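Good morning, and thank you for coming. I would ask you to look at the sequence and the structure together as I speak.

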Amino acid sequence: MNADPVKDALDGMSAKQLERMRELIDRRLASCVIDGTDGAVPVRCTAKMNANSLTFTLLLCPACIEKHRLPESRSEA
Ligand SMILES: [Zn+2]
């Protein structure tokens, strides 16, 4: 038999509990790209390279955002 304790646990949960778990999993898996800390938040970035502009999202923890963001005077609107 293929015992799968994770699947068994999921099968025993209500839809509401599964929604809650998905929320927790998403948060748990959201780790900061700089230091790997859990609880990172999506940060929308725009890179201007020559004629091209690329918009993307990075996961960063609040501490890294504070530490690494450019001062207001050097950031672009
Ligand atoms: Zn971080």
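Predicted model: local features only at pLDDT ≥ 70, side-chain atom pairs only at ≥ 80, totals over all residues.

Let us start with the secondary structure. The protein chain contains three helices and two strands. How does the chain compare with a compact globule? Its radius of gyration is 19 Å, whereas the globule rule gives 11 Å for 77 residues; the chain is therefore more spread out than a compact globule. The extents of the C-alpha trace may be stated as well: along the principal axes, the trace spans about 60 × 30 × 25 Å.

Two further values describe the chain as a whole. Of its 77 residues, 5% are buried. If we take the contacts between residues at least 6 apart in sequence, 35% of them join residues at least 24 apart.

I now come to the domains. The domain assignment divides the protein chain into domain 1, residues 1–30, and domain 2, residues 31–77. The centres of the two domains, taken over C-alpha atoms, are 31 Å apart. How many residues of each domain take part in the contact between them? Four residues of domain 1 are in contact with five residues of domain 2. On the side of domain 1 that touches domain 2, two residues are nonpolar and two are charged, while none is polar.

Asn50 is not a glycine, yet its phi is positive, at about 50 degrees.

The second residue is His68. His68 belongs to helix α3, which covers residues 62–68. Why does His68 count as exposed? The reason is that His68 has 9 C-beta neighbours inside 10 Å, which again falls under the limit of 12 or fewer. Finally, consider His68 together with Ile34. These two residues are 34 residues apart along the chain, and their C-alpha atoms are separated by 9.7 Å.

That concludes my presentation, and I thank you for your attention.

Conventions: Residues numbered from 1 in each chain as written. Domains from an automatic or database assignment. Contact = placed C-beta atoms within 7 Å. Nonpolar A, V, L, I, M, F, W, Y, C, P; charged D, E, K, R; others polar. Helix = DSSP H or I, 4+ residues; strand = E, 2+ residues; numbered from the N terminus. Buried ≥ 20, exposed ≤ 12 C-beta atoms within 10 Å, placed from the backbone. Rg over C-alpha atoms; globule rule 2.2 N^0.38 Å.
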